[in-house]
Amino acid sequence: MSDRDIIKKQDQGVLNSSGLANPRKAIGELNEETFVFDLDADAGQAERGITCRKPFVVRAVELTPSTALAAHASNYTTFTARKRPAGALGTPATVAALSTNSSGGVSLVAWTKAAMPLSATAADRKFAVGDVLTVLSAETGTPTSPIGTVAVTVEYL
């Protein structure tokens with residue numbers, strides 16, 4: 001039985017807390033949620049977002065394309081997750097980004113998750129009530145951007 005299953009059963013009054021392999025991880029998973037943003041086909045994705053109702057920190061961002069996209073020097077797509085702070089919605093901070101530019105970017109494989117590297121700045125990944133989490137993609141040149149999803153996993157504080 002996983003730690004998550006033990007915690008669920010404990011919450012239901014079926015089990016006590018003994019037997020947890022990693023209590024800290026199990027509690028963290030209970031406070032996690034994943035937001036999924038859909039990407040449109042063959043076009044840059046206009047920025048779309050959701051307003052934060054509870055404080056959270058971004059733990060992971062993953063892109064799952066439905067088609068492959070080879071890295072290229074002049075025809076590439078950049079996928080970005082951003083934070084737009086409530087006090088300055090016009091000033092975004094990058095939470096995570098991934099590019100298919102052959103200079104430092106990656107090639108995408110159909111139906112294979114690609115982790116989007118998180119910002120090294122902890123404050124960029126921490127959201128307060130009223131901040132807006134957004135996702136967008138921008139094309140450079142003429143790439144064939146894939147349909148897909150960007151999944152943002154957060155942990156509530």
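Strand β5 is largely enclosed by the rest of the structure, because five of its seven residues are buried. Buried here means under 20% relative accessible area, exposed over 50%, and partly exposed in between, with a 1.4 Å probe and protein chains only. Strands are DSSP runs of E with at least two residues, helices are runs of H or I with at least four, and both are numbered from the N terminus. The model is predicted: local features need pLDDT of at least 70, side-chain atom pairs count only at pLDDT 80 or more, and totals for chains, interfaces and linings use all residues. Residues are numbered from 1 along each chain as its sequence is written, and side-chain values use heavy atoms, with hydrogens and water left out.

Strand β5 belongs to an open sheet of four strands. The order is β2-β8-β4-β5, and the pairing is antiparallel. Two strands pair if DSSP finds at least two bridges between them. Strands β2 (45-51) and β5 (93-99) form the edges, each pairing on one side only. On average, neighbouring strands of this sheet are turned by 15° against each other, direction ignored. Such angles run from 0 to 180 degrees between N-to-C directions, and the axes are lines fitted to C-alpha atoms, for helices over the stretch in contact.

Strand β4 (residues 76-84) is joined to β8 (residues 132-140) by nine bridges. The two strands run antiparallel. Tyr-76 stands opposite Thr-140 in β8. Six bridges connect β4 to β5, again in antiparallel fashion. Here Thr-78 has Ser-99 of β5 as its bridge partner.

Thr-77 also lies in β4. Thr-77 is buried, because its relative accessible area is 0%. Contact means heavy atoms within 4.5 Å. Leaving aside neighbours within four places in sequence, the contacts of Thr-77 include Leu-69, Leu-98, Ser-99, Ser-137, Ala-138 and Pro-143.

The largest nonpolar core has 24 residues. A nonpolar core is a set of buried Ala, Val, Leu, Ile, Met, Phe, Trp, Tyr and Cys residues joined through side-chain atoms within 4.5 Å. The residues with the most contacts inside this core are Phe-56, Val-58, Val-61, Leu-63, Met-116, Val-150 and Val-152. Two or more residues each come from β1 (32-39), β3 (56-65), β4, β5, β8 and β9 (148-156). Residues up to four places away in sequence are not counted for Leu-63, which touches, among others, Leu-39, Phe-79, Leu-98, Leu-108, Met-116 and Val-150.

Three aromatic pairs are found in the whole structure. Rings of Phe, Tyr and Trp (its six-membered ring) pair if their centres lie within 6.5 Å; planes under 30 degrees apart count as stacked, over 60 as edge-to-face and the rest as tilted. The pair of Phe-35 and Phe-56 is tilted, because the centres are 6.3 Å apart and the planes stand at 40°. This pair links distant parts of the chain: Phe-35 in β1 and Phe-56 in β3 are 21 residues apart. Phe-35 is buried at 17% relative accessible area, and Phe-56 is buried at 3%. Phe-56 also forms an edge-to-face pair with Tyr-156, at 6.2 Å centre to centre and 85° between the planes. Tyr-156 lies in strand β9, 100 residues from Phe-56. Tyr-156 counts as buried at 17% relative accessibility.

Phe-35, Phe-56, Phe-127 and Tyr-156 form one aromatic cluster. Lys-54 lies over the face of Tyr-156, at 4.3 Å from the ring centre. Lys-83 lies over the face of Phe-127, at 5.7 Å from the ring centre. A charge sits over a ring if NZ of Lys or CZ of Arg is within 6 Å of the ring centre and within 35 degrees of the ring normal.
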